[in-house]
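Colleague: Could you take me through this model? I would like to start with the overall picture and then turn to a single residue.

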Amino acid sequence: MIGKLLAVGVILAAVGVLAYSQQDKLGFNVNPTINAVAEDLGGLKDTTVKRVSYEIDKTTDTVGDKIGDVVPSAEQLNPIPQIKDQIAIPPIKETYYGQIYEKNESEKTCKMSVPKMAKTINGVKELTHTITIQECMYEKQKPVQVSISTDPITGAQTVSVEPTPSHKIFETLQLTTTKNADNTVSIHYEDSSGKTLKVTVTLHNSEKQLFTGEFFASKFDTSVNDISASPHIIEMIVEHADYGTVNSSVYNPQGNDQSTIYGVFSQ
């Protein structure tokens, strides 16, 4: 009996397999559940392919954008101009001291003498360097300070003039020169502190040195003869116990009608 049942089971299983394999030829669906699963798997396959394709395209676009960001510009490859713009190089500043020796009231201009700025032109050194000030507010013989700022890159210069600071004025020292009717010049030096150690005096025009002398006193007078009507300058080097080395000058320009001129002192 058991053997017959096994035989029947084997026959039914064989029929089932044959029927499934021939279902398309027979025109009916033996197992709808199996077909649904197959369709879902097919759709999943298509969806997966599309999804992968989309992710690849998206990644390509993103990488392209990043490559554009990574590629350096010409300015980044050559950062020197940017560094130059960002690093401010301070100007070179020089300070000199001078004196107003001429003033034109109608044109509101002044001319100032700055001996330490004297230049050599065509082999001849200036007696003093002259600067013309527009819209001048200074009085004649006023001591002034000149500041020159030079751009280290372009070489452009800016000149400014202002009154000599009070801490740069040596109140105990005085120098006056007086032009006399007999064509002589009297020089008077006085140091009220009494601490002058030595004074070296020179007087010259553009052609030659007219006078030189050394004095070891805090007060003295001397005269220089045969001073021509041409421009000349008197210069002093003062060795002082408190101030150290101090320079002084008096510039007498062509056609000056002032008989007495006060000197200015600077270090």
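This is a predicted model: local features need pLDDT of at least 70, side-chain atom pairs count only at pLDDT 80 or more; totals for chains, interfaces and linings use all residues.

Modeller: Contact here means heavy atoms within 4.5 Å. Residues are numbered from 1 along each chain as its sequence is written, and side-chain values use heavy atoms, with hydrogens and water left out.

Colleague: Then what share of contacts between residues at least 6 apart in sequence join residues at least 24 apart?

Modeller: In the protein chain, that share is 52%.

Colleague: What is the mean pLDDT of the chain?

Modeller: The mean is 76, with 65% of the residues at 70 or more. For residues 25-30 the pLDDT falls below 50, and this stretch has seven contacts in the model beyond near neighbours in sequence.

Colleague: Switching to H240, is it buried or exposed?

Modeller: H240 counts as buried because its relative accessibility is 5%, where buried means under 20% relative accessible area, exposed over 50% and partly exposed in between, using a 1.4 Å probe and protein chains only.

Colleague: Which residues does H240 touch?

Modeller: Leaving aside residues up to four places away in sequence, H240 touches T172, L173, D191, S193, K195, T196 and L197.

Colleague: And what does its side chain reach at 3.2 Å?

Modeller: At that distance the side chain of H240 reaches the backbone nitrogen of Y243.

Technical notes
A polar contact is a pair of N or O atoms within 3.5 Å; within protein, one must be able to donate a hydrogen and the other to accept it, and residues adjacent in sequence count only if both atoms are side-chain atoms. pLDDT is the predictor's confidence in each residue, from 0 to 100.
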